[in-house]
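Subject: Structure handover

Hi,

Here is the structure I promised to pass on to you.

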Amino acid sequence: MAQQAPQKAPAAPGTAVVASGAHPRRLELDEVPPGTYDVNTKETLVRYGVDHMGFSEFWGTFPGANGTLVFDPKAIGAANLDVKVPIWQVETTNRELNGELFSEEFFDAENYPWMTFKSTKVVRTGPKTLKVSGDLTMHNITKPIVLDVTFHGAGTDPFTGRDIMVGFDAKGMVKRSDFGLGKYVPIVSDETTITISAEFKKRAVDHS
């Protein structure tokens with residue numbers, strides 16, 4: 001008697017089913033639907049790096065970012081980015097150092113819990129690249145910075161089959177002393193690199 005092929009267990013209720021090997025068509029930058037996009041908080045990360053005594057690069061991360069991106073590829077100059085990053089969620093490789101960064105000696109997270117960035121100018125510099133100027137506020141000090149942004153990708157979320165997602169990578173540099181965070185300069189470098197991986201989801205109901 002021929003054996004019956006084993007049947008697959010049904011998916012749990014509410015679980016999106018993604019066909020094996022299936023991948024939605026990716027959109028080019030010029031194909032991204034215009035509208036208001038919300039930061040996908042759990043998939044977005046801000047990383048900073050400093051030179052530690054000339055021996056190594058030391059870095060930490062800021063998870064938990066939230067905010068909005070108003071974007072239309074046909075009117076890139078009108079794009080607007082408004083993001084908040086929780087200082088109290090800073091993470092390093094060491095819990096003791098985390099506590100030191102929370103303290104009044106550095107970020108003073110109790111009194112200045114948020115870091116914010118608001119764009120002031122967006123210029124397209126290539127097929128997948130942009131230059132985003134804006135105001136960074138940290139430790140109650142606001143300074144202009146420039147981010148070099150690369151379009152990472154866009155398309156329909158394969159898990160929901162309906163949400164439009166778009167992602168960008170960004171790099172920039174700030175002097176931490178400009179924000180009142182100059183402790184240990186120059187033993188630990190004043191120049192601080194910023195590397196961002198940001199993912200956004202288009203609002204189902206667009207109020208832009």
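From the N terminus on, the elements of the chain run β-β-β-β-β-α-β-β-β-β-β, which comes to one helix and ten strands. Helices (H or I, at least four residues) and strands (E, at least two) are DSSP runs, numbered from the N terminus.

Two notes on the source before the details. This is a predicted model, where local features need pLDDT of at least 70 and side-chain atom pairs count only at pLDDT 80 or more, while totals for chains, interfaces and linings use all residues. Residues are numbered from 1 along each chain as its sequence is written, and side-chain values use heavy atoms, with hydrogens and water left out.

**The chain overall**

Of the 208 residues in the chain, 37% are buried. Buried means under 20% relative accessible area, exposed over 50%, and partly exposed in between (1.4 Å probe, protein chains only). The chain exposes about 12,700 Å², and carbon and sulfur atoms supply 55% of that area; accessible areas come from the Shrake-Rupley method with a 1.4 Å probe, and for residues only the protein chains shown count as cover. Among contacts (heavy atoms within 4.5 Å) with a separation of 6 or more, 56% are between residues 24 or more positions apart.

**The core**

The largest nonpolar core has 45 residues. Such a core is a set of buried Ala, Val, Leu, Ile, Met, Phe, Trp, Tyr and Cys residues joined through side-chain atoms within 4.5 Å. Phe62, Phe107, Leu136, Met138, Val166, Phe168 and Phe200 have the most contacts inside the core.

Beyond neighbours within four places in sequence, Leu147 is in contact with Phe117, Leu130, Lys131, Val132, Ala170, Lys171, Gly172 and Ile196. Its C-alpha atom is separated from that of Ser119, 28 residues apart along the chain, by 9.7 Å.

Val90 is found in the loop between β5 (80–86) and α1. Is Val90 buried or exposed? Val90 counts as buried because its relative accessible area is 0%. Not counting residues up to four places away in sequence, Val90 touches Tyr48, Thr61, Phe62, Asn98, Leu101, Phe102 and Phe107. Val90 and Phe107 are 17 residues apart in sequence and 9.6 Å apart in space, C-alpha to C-alpha.

**Pockets**

A pocket here is found on a 1 Å grid over the protein atoms alone: an open set of points where a 1.4 Å probe fits, with protein on both sides within 12 Å along at least five of seven lines, and lining residues have an atom within 4 Å of a point. Grid points are joined across faces, edges and corners, and a volume is the space filled by probe spheres set on the points.

About 950 Å³ of space lies in the largest pocket. Of the 49 residues that line it, Val46, Arg47, Tyr48, Phe62 and Ile194 are the closest to its centre. The lining divides into 38 nonpolar, six polar and five charged residues. For these classes, Ala, Val, Leu, Ile, Met, Phe, Trp, Tyr, Cys and Pro count as nonpolar, Asp, Glu, Lys and Arg as charged, and the others, Gly among them, as polar.

The second largest pocket has a volume of about 350 Å³. Its lining has 18 residues, with Arg26, Gly153, Met165, Gly167 and Glu199 nearest the centre, and β8, β9 (164–175) and β10 (191–202) each supply at least two residues of that lining. By class, seven of the lining residues are nonpolar, six polar and five charged.

**Backbone details and a surface loop**

In the loop between β9 and β10 you will find Pro186, joined to Val185 by a cis peptide bond with omega about 5°. Tyr184 is in the loop between β9 and β10 as well, and has a positive phi near 75° in a residue other than glycine. Tyr184 counts as partly exposed, at 43% relative accessibility.

Asp108, in the loop between α1 (95–102) and β6 (114–124), has a positive phi of about 50° although it is not a glycine. Asp108 counts as buried at 10% relative accessibility.

Arg162 lies in the loop between β8 and β9 and is exposed, with a relative accessible area of 62%.

Happy browsing!
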